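Here is a quick tour of a two-chain complex, written for someone who likes to check the packing themselves. Have a look at the model first.

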Amino acid sequence: MKRLAINLISALIMAIFMYAATSKLLEYNVFVAQISRSPMIDRFAGYVGWAVPSIEILIGIMLLVPRLRLIGLYGSFTIMYLFTGYIAIMLIFSPSLPCSCGGILSKMSWGQHLFFNIVVVLMCGVGIILEAKRRETDHEELFLAELQTTK
Amino acid sequence: MLICVGVSSATLSALYFTSTLTKDIYRGNFLRDFARQSELEQLVDIDIEYNSFYIAGQDDKRVYLANYTNPLLVATYTIESREIKRFAVKIVGFDSIERPNICRMRISGSNLYIMHGVHPMILRGKIDEWTVKPLIIKSDDYFDQCVPVSPNSFLFRYFSKSASGFSIGKKNLYRQTDFIFNHEVLTRQGDGIFSLDGMLDLEEHSKKAAYIYTYRNEFVVMDTNLSIIKRGRTIDEFSKAGVRSSEVEKGRTMLSGQSNVVNKTARLAADFLYVESNVLAKNEISKDFQDYSVIDVYSVSDGKYQESFHLITKGKGKLSDFHILGNRLVGIIGERLVIFRIPFEMEQRVQ
């Protein structure tokens, strides 16, 4: 049951990240122009332009590989937290809001996007807890099994 | 997980505190004259429910509001009775409009105009009948901003292929061949789209037109034959447009980087140009500046700055539109309609 939940969460997050990354890369110039309009990260527009999609794809791959899944979940948690924090700061402090998302996600208003992000961050958190626990119990089971065989 | 949260929060804080969000707004080196601010009298301040209204026009008795989201909606405010009434404009001739959000409405005299620059089409009708019929317009006469000079002729901003940028033109629809343009009116500082962005307005009675640049301190006044009467400068110092664009793919240019909006809404009324400015003056308090909108007044005949006044917007939102008829200033602040009496002598100050 827990395994199913972890797989589901990982698959969903991987899908979101891959979708977001590819839609950014397909319209790369548009994405960079949008980033350059944001007061907080305009200085890094060029870097953010290639770094964000690359990291998203990397994390997506990590979520696929069972051994790297926990790292992938930590990575997606961190990135989503950063994105969510950015949206929150912009909503509170910025006089104007540029749009800088990809695909369907850009059809959401900034408020809706904040809500969506919070949900994904929580999902990552749940994923991390479940996966960490699963590894613990797996190691326990492995340990106990070895104990049995050596008896 | 706590480490992730901690490091991320630290990064976000660093980004925020080193960004322009925490910097004070720019203060210009010029002074504003608010000598007659106390003579400004607020007459009306009412709730109009939506922030998507703009001012289509006004006459002696009524103010006419159009709506960005519902292009066939007209709301009228009657000065005497203080009543708001809503009307749905009917189109005679066809059922639906593609991309209706491009429509703009303008009321001039007893005529109501709905203009769609991409279709392109211009619909005209009478107020109080609230029905409009399409005027004949060529299918490739696209335009961007449009103002009616007379029931059959229109001044507009359009994208000119020969100028590879925006330009001002005029067309008489009754005589299809009567199209004039003047590429000298708008001067570019970089690209032909954003660097010369601005607002076109027409003065009802003198039939003078003005174009005020959004990103630089210039305005141009012209007559209805597009001859330039006056080029003037607004009081701020931004002579070079602080706006950048990038061509993201063939034929598609996007605004990029931080843009510096200098002038916002601008209107011509009698012999004066009223410009809502986004620049803080040396003798204004920056904290207060965020709670009001300032309008600078210029004389059309000599292009000189006259005086300024401000409209308090605190708690209501932003001034999204305003219009002046005689000594009546009508404004939309957030979801509220406001009307002020401006000192009448403002009309006759320059002899």
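This is a predicted model: local features need pLDDT of at least 70, side-chain atom pairs count only at pLDDT 80 or more; totals for chains, interfaces and linings use all residues.

Residues are numbered from 1 along each chain as its sequence is written, chains are lettered from A and ligands numbered from 1 in the order written, and side-chain values use heavy atoms, leaving out hydrogens and water.

**Confidence.** The predictor gives the complex an ipTM of 0.77 and a pTM of 0.87. Chain B averages a pLDDT of 90, with 97% of its residues at 70 or above; pLDDT is the predictor's per-residue confidence, from 0 to 100. Residues 346-351 of chain B fall below 50, and this stretch has 21 contacts beyond near neighbours in sequence. Contact here means heavy atoms within 4.5 Å.

**Helix pairs.** Helices are DSSP runs of H or I with at least four residues, strands are E runs of at least two, and both are numbered from the N terminus. Axes are lines fitted to C-alpha atoms, for helices over the stretch in contact, and angles run from 0 to 180 degrees between N-to-C directions.

| Pair | Angle | Axis separation |
|---|---|---|
| H3(A) (residues 45-64) and H4(A) (residues 69-93) | about 145° | 7 Å |
| H4(A) and H1(B) (residues 2-17) | about 35° | 9 Å |

H3(A) passes H4(A) in a left-handed crossing, whereas H4(A) and H1(B) cross right-handed. Left-handed means the near helix is turned anticlockwise from the far one by less than a right angle; right-handed means clockwise.

For the second pair, H4(A) brings, among others, Tyr81(A) and Phe93(A), and H1(B) brings residues including Leu12(B) and Tyr16(B). That H4(A)–H1(B) contact has 11 nonpolar, five polar and no charged residues.

**Two residues of chain B.** Lys170(B) lies in strand S13 (residues 165-172). Is Lys170(B) buried or exposed? Lys170(B) counts as buried because its relative accessibility is 16%, the cut-off for buried being under 20% (1.4 Å probe, protein chains only). Its side chain reaches the backbone oxygen of Thr224(B) at 3.3 Å.

Ala209(B) sits in strand S16 (residues 209-213) and is buried, at 0% relative accessible area. Among the residues that Ala209(B) touches are Leu155(B), Val221(B) and Leu268(B); Leu155(B) is also one of the contacts of Lys170(B).

How values were computed: Buried means under 20% relative accessible area, exposed over 50%, partly exposed in between (1.4 Å probe, protein chains only). A polar contact is a pair of N or O atoms within 3.5 Å; within protein, one must be able to donate a hydrogen and the other to accept it, and residues adjacent in sequence count only if both atoms are side-chain atoms. Ala, Val, Leu, Ile, Met, Phe, Trp, Tyr, Cys and Pro count as nonpolar, Asp, Glu, Lys and Arg as charged, and the others, Gly among them, as polar. Lists of a residue's contacts leave out its neighbours within four places in sequence.
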